[in-house]
Amino acid sequence: MKRAIIFIDANNWYHNVKNLIKPSSIDIKKISDLITKEKNLSILEIRWYGSIPDVNDNPLIYAKQRAFLSGLEKQGIKVITRKLQKLSSKEIKKKRQQFIEDWQLCEICKALVESSFLDMADNFQKEKGIDVWIAIDMVKESIKEKIDCAVLISGDADFVPAFNLIKEVKKDVLSCFIPNGYSNELRQKFPYMLLSREMLNKCLRDFKKER
């Protein structure tokens, strides 16, 4: 059985899934179990990567977000967050360059990140760094021989370069997402798993047990 880590692009997940079902009603652990059973994988870890608003912008939304993330952590899911910041395009590029330098990457990883992510567009000029973080972590864990397969829950084509590099180091990749918002490029180039509405309905949270 191949060892895997599930990397979840929370922003991409939320904004697409909300068109089908309320994202917070889905049990991420059940999604993980579904993938494990379907693909015969041994899941070592689940990582949730997301952005959080500033508490001063909207205290209520911030409190709800923190409560949701706390629930994930209680399930054993590793939560990794960055604060949203409104920046100019120039500031975004400078911040991303510093972000890359701070990681002290090997030359292979650094070249990948610089070529693929420094010029990525951010809607509304908001810097998150989430996609860069996920890509780096997937590559690092693959190179370190910790995993045999990187499982990505996202439909974003920006992860194609990271997947290409992981394949070059002879590791497997798998993307999982709902049909809407799923990049054709991801599905054409790499193994994928569609998460249908029926599947999502089987992965709803049991609120009674959580009380």
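A residue counts as buried under 20% relative accessible area, exposed over 50%, and partly exposed in between (1.4 Å probe, protein chains only). By that scale, Asn40 is partly exposed, with a relative accessible area of 48%. This is a predicted model, in which local features need pLDDT of at least 70, side-chain atom pairs count only at pLDDT 80 or more, and totals for chains, interfaces and linings use all residues. Residues are numbered from 1 along each chain as its sequence is written, and side-chain values use heavy atoms, with hydrogens and water left out.

Let us turn to the sheet. Six strands form an open sheet in the order E3-E2-E1-E6-E7-E8, with parallel pairing. Here helices (H or I, at least four residues) and strands (E, at least two) are DSSP runs numbered from the N terminus, and two strands pair if DSSP finds at least two bridges between them. Strands E3 (78-83) and E8 (192-194) are the edges, each pairing on one side only. Strand E1 (residues 2-9) joins strand E6 (residues 149-153) through five bridges in the parallel sense, and Ala4 stands opposite Cys149 in E6.

Angles run from 0 to 180 degrees between N-to-C directions, with axes fitted to C-alpha atoms, for helices over the stretch in contact.

| Helix | Strands touched | Angle with E2 |
|---|---|---|
| H1 (residues 10-17) | E1, E2 (41-52), E6, E7 (172-177) | about 80° |
| H3 (residues 59-74) | E2, E3 | about 170° |

Back to the loops: Asn40, between helix H2 (28-39) and E2, has a phi near 55°. Lys170, between helix H7 (160-168) and E7, has a positive phi of about 65° and is exposed at 72% relative accessibility.

Conventions. Contact = heavy atoms within 4.5 Å.
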